[in-house]
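Have a go at each task before you read its solution.

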Amino acid sequence: MTATTHPEPVVELTGVTKEYPGGVTALRGVDLSIGGGELLAIVGPSGSGKSTLLHIVGTLDRPTAGCVRIAGHDIAALSDRSLSALRSRHVGFVFQSFHLVPGISARANVAEGLLYSGLSRAERGRRAAHALERVGLGDRMDHRPHELSGGQKQRVAIARAVAGAPDLLLADEPTGALDTASGESVMELLHELNRDGATIAVITHDNEIAASLPRQVRIRDGQVVADIRAGRAAPAGADAGAAR
């Protein structure tokens, strides 16, 4: 199936600023829109603000100023409890270090991600099995993390993230802890999930990974300095070094 674009953006940031105590400004007036069915990289060096942007887009943190809408919801209008509910329904996370629970099976790890979904235990298990089949681990469902390779662990983490069919998948340096071959396999999986309709943002400092995706949003000093789609750049105050 080819990814489709929904009329309303999954993510819409307008004038987003994030300041921390001590006068540190991590984001400076960021405007960003991510449409349904997109596959993009948010790329920048360490200290550029991309991790802060991940936290804002993932509703793990609130901005100091500006508007953030996720799946049509204005997060400023939500209580912390409502925000947690929105996050569990609409956003899936994949992290560099996998965050799997040791001592339990791959299926149980994926099912745990659905714990607050309101689904029955049996339905959580069924969806976990389906998600593992989807990422090519149908024959590893009963394996525990220590019995899996790094690439397989990341596939379990991706299965956990997509099991609840979130509107947005945020992958934070998803290949950072993997060897080259495993990393390439994980990126191929993300492309496949995107072709099936998933909206995926990959947060990375790796220019090679970023260049392999249809869109690159480049961050530097807390600002979007370039937005490159299908080989065409849409500068946002970019200079000659922005594509570094």
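**Exercise 1.** Find the residue of S7 that stands opposite Phe-95, and describe how the strands on either side join S7.

*Solution.* Step one: Phe-95 faces Asp-172 in S7. Helices (H or I, at least four residues) and strands (E, at least two) are DSSP runs, numbered from the N terminus. The model is predicted, so local features need pLDDT of at least 70 and side-chain atom pairs count only at pLDDT 80 or more, while totals for chains, interfaces and linings use all residues. Residues are numbered from 1 along each chain as its sequence is written, and side-chain values use heavy atoms, with hydrogens and water left out.

Step two: strand S6 (residues 91–95) runs parallel to S7, and five bridges join them; two strands pair if DSSP finds at least two bridges between them.

Step three: S7 is also joined to strand S8 (residues 200–204) by four bridges, again in parallel. Here Ala-171 stands opposite Val-202 in S8.

**Exercise 2.** Are the residues of strand S7 (residues 168–172) buried or exposed?

*Solution.* Start with the cut-offs: buried means under 20% relative accessible area, exposed over 50%, and partly exposed in between (1.4 Å probe, protein chains only). Five of the five residues in S7 are buried. Next, sort them by direction: Leu-168, Leu-170 and Asp-172 point one way, and Leu-169 and Ala-171 point the other way.

**Exercise 3.** Work out why the rings of Phe-93 and Phe-95 count as stacked.

*Solution.* A pair of aromatic rings is described by the distance of the centres and the angle of the planes. Rings of Phe, Tyr and Trp (its six-membered ring) pair if their centres lie within 6.5 Å; planes under 30 degrees apart count as stacked, over 60 as edge-to-face and the rest as tilted. By this rule there is one aromatic pair. The ring centres of Phe-93 and Phe-95 are 5.8 Å apart and the planes lie at 5°, so the pair is stacked. To finish, compare the cover: Phe-93 is buried at 15% relative accessible area, whereas Phe-95 is partly exposed at 25%.
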